[in-house]
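Take a walk through this fold from the overall layout down to single side chains. Keep the viewer open as you read.

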Amino acid sequence: MSTLTAAPRDYTAGMPGDRLAAIAARRAFVSLKLTFTDAAAALDGAQAQWLRQQVRAAEEPVDLWLLRAPLFSQLAGSAPERRQLRQRLRRAIEAVFAEPQPSTMFATV
């Protein structure tokens with residue numbers, strides 16, 4: 001009979017990075033959704049009510065991506081408050097949907 005004791009199996013191998021990436025993605029989505037919610041809350045009318053419902057129902061970043069055009073349309077105008085909301089919205093969208101930058105020779109050195 002062997003006296004070796006087996007170590008418990010490690011079921012988390014490879015998981016910490018995946019888990020951290022999932023948490024970061026979720027936080028980015030929540031931040032984006034809050035920005036969309038704030039922008040939609042500043043609007044009035046039937047179209048604004050529809051936008052608020054759609055934003056509330058969004059479950060993934062792509063759901064919000066599809067709502068960006070009608071929301072920007074409703075935020076049109078030269079009022080400083082509207083301009084600030086559009087800027088916040090643009091920054092939040094860019095943070096989540098940023099295109100990867102091409103690598104340069106400087107990055108490989």
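This is a predicted model: local features need pLDDT of at least 70, side-chain atom pairs count only at pLDDT 80 or more; totals for chains, interfaces and linings use all residues.

Residues are numbered from 1 along each chain as its sequence is written, and side-chain values use heavy atoms, without hydrogens or water.

Start with the layout. The protein has 5 helices and 0 strands. From the N terminus the order is α-α-α-α-α. Elements are DSSP runs numbered from the N terminus: helices are H or I with at least four residues, strands E with at least two. Of the 109 residues, 18% count as buried. Buried means under 20% relative accessible area, exposed over 50%, and partly exposed in between (1.4 Å probe, protein chains only). The protein exposes about 8,500 Å², and carbon and sulfur atoms supply 57% of that area. Accessible areas come from the Shrake-Rupley method with a 1.4 Å probe; for residues, only the protein chains shown count as cover.

Now the core. A nonpolar core is a set of buried Ala, Val, Leu, Ile, Met, Phe, Trp, Tyr and Cys residues joined through side-chain atoms within 4.5 Å. The largest one holds 18 residues, and F36, L64, L71 and L75 touch the most other members. Elements giving two or more residues to this core are α1, α2 (46–57) and α5. Helix α1 supplies the largest share, 5 residues. Look at L64: leaving aside neighbours within four places in sequence, L64 contacts F29, L32, K33, F36, V55 and A58. Contact means heavy atoms within 4.5 Å.

D38 sits in helix α1 and R88 in helix α5, 50 residues apart. A salt bridge is a side-chain nitrogen of Lys or Arg within 4 Å of a carboxyl oxygen of Asp or Glu. A search of the whole structure finds 1. D38 is partly exposed at 38% relative accessible area, and R88 is partly exposed at 37%.

T35 also lies in α1 (residues 15–41). T35 is buried, at 8%. Beyond four places in sequence, T35 touches R88, L89 and A92.

R86 lies in α5 (residues 80–96). R86 is buried yet has no salt bridge; E81, the nearest side chain of opposite charge, is 9.4 Å away. For charge, Lys and Arg count as positive, Asp and Glu as negative; His and the chain ends are not counted. Beyond four places in sequence, R86 touches F72, L75, A76 and G77.
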